[in-house]
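Hi,

Here is the structure I promised to pass on. Have a look at it first, and then read my notes below.

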Amino acid sequence: MERYPDLFSNLKVGSKMYKNRIMCSPMVFGASVIGNQYDNAKAAPALYLKVEKPARGGAAAVSVGEVSVNSDDAKRMPLPDIDFSRLDGEAFDAVSEYARRIHRHSAVALIELCHPGSAKPRIPGTAGPWGPVTFVREDGVPVEAYDEKKMEKTCGDFAQAARFMQAAGFDGVVIHAGHGFLFTQFLSARTNTRTDKYGGSLENRSRFPLRILKGIREAVGEDFILEARISGREKIPGGMEVEEAGAFCHMAEAYLDSVHVSSGLYFLENEYGTASTMFHPNGYNAPVSEQIKKYVKIPVGVVGGINSPKLAEKLIKEGKADYVVLGRQMIADPDFAQKAKAGNDDDIRKCVRCFQCFSPVPDPEQKLPDDGVVPWLKVGCCALNPMAGTDLEWDRLPAVESPKKVVIAGGGPAGMQAAITAHDRGHHVILADKKEQLGGTLLFTEVDVDKEDLCEFKDYLVRQVKKRNIKMLLGKEMTADTVRELEPDVVLLAVGARAKHPPVPGLGHAVPALEVYEKDIKIGKRVAVIGGGLVGCETGLHLAKLGHKVSVIDPLVRLANESRGKYRNALIHEMEKCGMACFAKTSCKEVRANGVLLKQEDGKELFLAADTVVYALGMEPAAFPGYEALKKDYKVVKIGDCIKPGKVAEAVKTGFQAAIQIL
């Protein structure tokens with residue numbers, strides 16, 4: 001009997017039959033594969049694979065991501081233009097390839113259409129933004145109000161873009177009707193203050209969005225899926241709530257075949273769950289989709305932190321949704337559906353919502369070197385899945401010339417990933433660690449209150465090692481001599497990193513951050529954390545959630561500076577919610593038994609009382625005695641933190657890359 005009968009039952013959506021209840025959320029900007037203005041041709045193989053893999057992995061439907069309905073007033077990013085009136089040529093063929101790739105695996109092919117309305121950014125050579133009303137945005141950009149002529153144009157643009165996608169071989173389109181873009185701007189009384197027939201009551205505010213949907217339906221006919229992605233709640237004072245969202249969906253189901261429920265607004269996506277974080281519960285939007293279902297008869301899907309088939313089955317069985325929409329989970333493991341259907345839950349890499357896949361997106365507060373490649377061509381990497389965001393295919397890797405004996409010193413994420421990959425490539429693997437259990441630095445996740453999903457990934461790696469014929473030497477610290485005794489062909493060093501101990505007076509009174517998670521460490525009520533990088537902030541947050549009064553001190557103006565974008569925003573927001581005190585632009589002069597002496601930017605000194613002082617002042621690669629001598633006799637490769645201390649993503653990637661290069 002199938003483990004997840006509801007999840008793997010058929011679902012009729014419009015004229016199509018979904019083979020299960022799993023849809024891959026809109027990802028990959030649809031125009032990214034067109035032309036070569038931004039190295040698009042070079043990036044295209046990886047982008048196509050990102051769309052194809054979830055289809056190959058068993059998803060019933062896969063949606064390509066956002067495509068603006070014109071290259072002028074609707075243009076949200078400087079992506080290549082598409083002439084939707086032309087049903088041939090380079091752009092048409094490039095977009096058609098998405099549909100062909102999805103259809104290869106008997107999945108339904110969808111693509112998302114979008115108009116940002118008043119949220120349109122400044123892009124040279126394009127029109128300014130249009131919205132429900134005339135106003136000047138906070139960034140000084142004037143917004144023009146829609147009149148009948150503009151409405152007619154936008155309706156025509158949506159219809160023409162949908163016809164283009166139909167001709168390109170897609171089975172339907174997803175209309176982005178949420179997250180604060182055009183549809184939401186008209187639907188929400190917060191942004192639509194018009195006094196004509198397009199403002200006031202919900203019926204009036206719905207008039208223009210319904211007109212767009214009607215025009216699309218008339219253009220494509222009935223045998224073409226029309227789905228809307230909506231924000232079931234804006235989650236902002238004065239914003240649209242679920243009752244109005246449901247009422248709009250009821251009006252719109254005359255034209256729609258399905259609706260999938262998200263929430264929030266793009267400019268507050270971390271705070272309100274538009275892009276859920278590890279600080280949000282999994283299945284975050286399910287209570288909203290459950291309410292929306294009461295208003296409509298068409299299928300309702302839900303997106304938001306769904307990373308396990310058990311949860312997906314539960315949501316469908318309990319009537320919270322008719323299907324689940326998976327986004328980042330399909331980057332972490334595009335074979336999610338296939339593995340769930342086979343009952344191989346333990347083999348699924350569950351997304352930890354760390355936003356590594358969005359890390360290339362520019363962060364205006366953090367200036368990084370420009371490598372010449374535009375960010376949207378790099379989006380889609382993954383901390384857990386080293387093949388994500390690349391054009392690598394397992395069966396196309398260079399063949400192993402002869403199996404090697406591979407000795408790996410260190411059982412953290414880098415060592416475990418290397419062991420798994422080397423074994424699967426046909427090598428004989430010995431994995432050693434000085435501790436009695438695998439996990440390395442990730443063992444702290446068993447204690448950290450916010451690291452449940454990352455702990456699951458640690459457990460996933462341990463399970464994958466144990467289910468393979470990998471010889472494990474646990475409780476055995478490797479040295480150059482013990483490595484030689486094993487007579488390896490290749491040695492991979494994954495011995496990790498250690499805390500730096502800078503010459504701060506009195507530092508002996510303080511506790512290294514990772515020791516906070518050890519059972520025999522007693523932490524007082526008032527805690528001062530010296531070092532406001534990622535480790536310091538996350539450790540401080542853990543303690544704050546356990547009830548400690550936490551202060552974080554760092555000489556930089558920006559806490560968690562090595563973190564970026566969406567995850568950093570979420571982390572800082574969570575720290576604020578927990579009432580943590582933050583001392584930026586402040587250095588520690590001395591640690592004392594009862595607190596820390598600080599020096600602020602203006603030179604003034606401040607004593608901060610604390611019962612416990614924790615320090616997170618950076619990490620440095622751990623040494624491996626005899627390394628230089630070992631290199632003379634064997635091929636020795638460093639991986640993970642012993643190259644350069646970093647995050648899980650770097651550990652997994654370097655472990656994987658080192659293993660596939662053993663031929």
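Where is the place of S118? S118 sits in the loop between strand 5 (108-114) and strand 6 (130-131). Before I go on: this is a predicted model, where local features need pLDDT of at least 70 and side-chain atom pairs count only at pLDDT 80 or more, while totals for chains, interfaces and linings use all residues. Residues are numbered from 1 along each chain as its sequence is written, and side-chain values use heavy atoms, with hydrogens and water left out. Helices (H or I, at least four residues) and strands (E, at least two) are DSSP runs, numbered from the N terminus.

S118 is buried, at a relative accessible area of 10%; buried means under 20% relative accessible area, exposed over 50%, and partly exposed in between (1.4 Å probe, protein chains only). Leaving aside neighbours within four places in sequence, S118 is in contact with P129, W130, G131, F135, R137, V143 and Q185, where contact means heavy atoms within 4.5 Å. S118 and V136 are 9.8 Å apart in space, C-alpha to C-alpha, and 18 residues apart in sequence.

Now the helix pairs. The axes of helix 1 (residues 40-56) and helix 2 (residues 90-103) come within 8 Å and cross at roughly 25°. Axes here are lines fitted to C-alpha atoms, for helices over the stretch in contact, and angles run from 0 to 180 degrees between N-to-C directions. Helix 1 and helix 2 are therefore roughly parallel to each other (angles under 35 degrees count as roughly parallel, over 145 as roughly antiparallel, 65 to 115 as roughly perpendicular and the rest as oblique). Their crossing is right-handed, meaning that the near helix is turned clockwise from the far one by less than a right angle, with anticlockwise being left-handed. On the helix 1 side the contact is made by Y48, L49, V51, E52 and A55, and on the helix 2 side by A94, E97, Y98, R101 and I102. By class, the residues of this contact are 7 nonpolar, no polar and 3 charged; Ala, Val, Leu, Ile, Met, Phe, Trp, Tyr, Cys and Pro count as nonpolar, Asp, Glu, Lys and Arg as charged, and the others, Gly among them, as polar.

Helix 6 (residues 207-220) has two partners to look at. With helix 3 (residues 148-167) it packs at an angle of about 35°, the axes being 8 Å apart, in a right-handed crossing. Residues making this contact include M151, C155, F158 and A162 of helix 3 and F208, I212, G215 and A219 of helix 6. The contact divides into 10 nonpolar, 3 polar and 4 charged residues. Helix 6 and helix 7 (242-252) also pack at about 35°, with axes 10 Å apart, and this crossing is right-handed too. Here P209, L210 and L213 of helix 6 meet F248, M251 and A252 of helix 7, giving 6 nonpolar, no polar and no charged residues.

What about the core? The largest nonpolar core has 165 residues, and those with the most contacts inside it are I22, L113, M165, F170 and I292. A nonpolar core is a set of buried Ala, Val, Leu, Ile, Met, Phe, Trp, Tyr and Cys residues joined through side-chain atoms within 4.5 Å. Apart from it lies another core, of 17 residues, among them I430, L493, Y627 and V636.

Next, some backbone angles. Most residues other than glycine have a negative phi. H179, in the loop between strand 9 (172-177) and helix 4 (182-187), has a positive phi near 60° and is buried at 7% relative accessibility. K235 is not a glycine either and has a positive phi of about 60°; this lysine is buried, with a relative accessible area of 13%.

D347 lies in the loop between helix 12 (336-341) and strand 14 (405-409) and is buried at 16%. Beyond residues up to four places away in sequence, D347 touches D333, K339, Y460, Q464 and K467.

Cheers
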